[in-house]
Structures are given as structure tokens and as C-alpha cells.
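Trainee: I would like to learn how to read the features of a structure. Please take me through this one.

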Amino acid sequence: MKQTLTNADIPVLLRRFFPQFGEPELQRAIAEVGEVLYFEAGEQIMECGSYVRRVPLLVEGSIKVMREEEDGRELFLYFLEAGQSCSMSFSCCMRQKKSSIRTVAEDDTVLIALPVRYVDAWMSRFATWKNFVLRTYDQRFDELLRSLDSIAFKQMDRRLWEYLEKKAEAHQSRLILATHQSIANDLNASREAISRLLKQLEKLNRVRLGRNQIELLH
């Protein structure tokens, strides 16, 4: 990844990806304490069980958010895209608790990292920041409800298709680079079941399968 962006670019990044931060004083505060960080595709950003030290404002790429079960298995929750942040990070840092999620860069990713001590302090100081945090909670809560609904009530073929659509949206591409095993891990399913369902989707002309890649046709 070409690391061309620096901390000096934060004001420009905020205007482009976070225009809701309309208060000049808030923009200056973020530019003063924020740090531009880079992560390559597949690189771990936050580990389950660690304390959250910084909150991300995503400006490029996408991030996969997963929850780790007690038996070590992981469950896919949602993707983060440019212009978004992670409500789990807000919750952990405000309550000073260890993270119950793991985040991984889906693509080459750029984010503005904010020290956690400012998250709560800015809630009473800047109205646009408070609105952003609350709206992030609402969006992620809706995502979690849809994930729980999918796990509890939907058959695996529907869960798989919705997962592929979300992944395509996060990557902004109908061509998904992923192995059947990695998809099975995210959906807590067997590789054989995922391969069988993908073959069925291919017969229905909904996907085109290649080596470690899936193209969504409809």
C-alpha cells in the first residue's frame, strides 16, 4: 500500500468522509489528536480480549468485525466501510472493558485513530460528535439484530447470499476474493456445505466460481 496520507491530511479526510462533523472546533480537535494508520488486507487491527486504546474513523478500505466464542470459533458480525466507526470500540473504551470482538482489514485500509479518552469527553462538548456516536450505535445494533435473525431463522443458503452481498458492498466490487473455507469460518459452517451451496448458486446463474474467487452475477 502506498502510504501517501499523513496526519496533516486529516482535515481533508474529515471533510470528505465525515462531513457531519460540522463544528470547526471538533475538526481541529480531531486533527490535533488523531493519527492516520495503515493496515494491509488480512492484517489484524484489534484482538479479542485486548483493551481498546484507540477508536477508528475509517476513511479507506473495509474492516470485518467478528465475535469469538468460548470454544474459539468466530462468528461474523458486520463490515465497516469508509465514513463509519465501530460502536463496539465506543462501548469498550467508555466502560474500560476488554474487547469481545476481533477486527481484520478486509482490504488495504486507512483510518484515523483517536485516543479513547476523548470519546466520552467530546460527547458533552460537541453536538455533532454525540449524534455520530449515537447514530453509530443505532446502525450497528440494527446490524446485530439482522445477524441474530439470520442465525436463528434463515436457512444457510439465504445467510450465504446475504453474506456475499455484504462482502461485495464492503469491497465495492462484485468480484469477491475468498476461499470456501474462509466463508465457512465466518458463517460458522462446514466448508463442504458452503461449497455445495455455491455450486447451487452457480447452477442458478447467480454466481460465477473461480479459483479462490466468486463473482456475483445478480
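Mentor: We go through helix faces, cores, aromatic pairs and salt bridges in turn.

Mentor: This is a predicted model, in which local features need pLDDT of at least 70 and side-chain atom pairs count only at pLDDT 80 or more, while totals for chains, interfaces and linings use all residues. Residues are numbered from 1 along each chain as its sequence is written, and side-chain values use heavy atoms, with hydrogens and water left out.

Trainee: Which residues of helix α1 are buried?

Mentor: Two terms come first. Buried means under 20% relative accessible area, exposed means over 50%, and partly exposed is in between (1.4 Å probe, protein chains only). Helices (H or I, at least four residues) and strands (E, at least two) are DSSP runs, numbered from the N terminus. In α1, residues 10–17, the buried ones are Ile10, Leu13, Leu14 and Phe17. Seen down the axis of α1, these buried residues fall within an arc of 100°, so they line one face of the helix. The arc is that of the directions from the helix axis to the C-beta atoms. Exposed Arg15 and Arg16 sit on the face of α1 turned away from the buried side.

Trainee: What do the buried residues of α1 pack against?

Mentor: Contact means heavy atoms within 4.5 Å. The buried residues of α1 pack against α2 (24–33), β1 (35–39), β3 (54–60) and β7 (109–115).

Trainee: How many residues does the largest nonpolar core have?

Mentor: A nonpolar core is a set of buried Ala, Val, Leu, Ile, Met, Phe, Trp, Tyr and Cys residues joined through side-chain atoms within 4.5 Å. The largest one here has 25 residues, and Phe21, Ile30, Leu57, Ile112 and Trp129 have the most contacts inside it. Two or more residues of this core come from each of α1, α2, β1, β3, β7, α4 and α5 (127–153). The most come from α1, which gives four residues. Apart from this core lies another, of 21 residues, among them Leu164, Ala184, Leu201 and Leu209.

Trainee: Which residues is Leu57 in contact with?

Mentor: Leaving aside neighbours within four places in sequence, the contacts of Leu57 include Leu14, Phe18, Phe21, Ile30, Ile112 and Phe132. Gln84 and Ser85 are also among them.

Trainee: How is a pair of aromatic rings described?

Mentor: By the distance of the centres and the angle of the planes. Rings of Phe, Tyr and Trp (its six-membered ring) pair if their centres lie within 6.5 Å; planes under 30 degrees apart count as stacked, over 60 as edge-to-face and the rest as tilted. A search of the whole structure finds eleven aromatic pairs. In one of them, the rings of Tyr118 and Trp122 have centres 5.4 Å apart and planes at 35°, so the pair is tilted. Both residues lie in helix α4 (residues 117–123), four residues apart, about one turn of the helix.

Trainee: Is Trp122 buried or exposed?

Mentor: Trp122 is buried, at 2% relative accessible area, whereas Tyr118 is partly exposed, at 22%. Trp122 also pairs with Phe126: the centres are 6.2 Å apart and the planes at 70°, so this pair is edge-to-face. Phe126 is buried too, as is Trp122. One aromatic cluster is formed by Phe18, Phe21, Tyr118, Trp122, Phe126, Trp129 and Phe132.

Trainee: How many salt bridges are there?

Mentor: A salt bridge is a side-chain nitrogen of Lys or Arg within 4 Å of a carboxyl oxygen of Asp or Glu. The count comes to eight. One joins Glu35 and Arg54, with the closest N and O atoms 3.2 Å apart. This pair links distant parts of the chain, with Glu35 in strand β1 and Arg54 in strand β3, 19 residues apart. Glu35 is partly exposed at 34% relative accessibility, and Arg54 is partly exposed at 42%.
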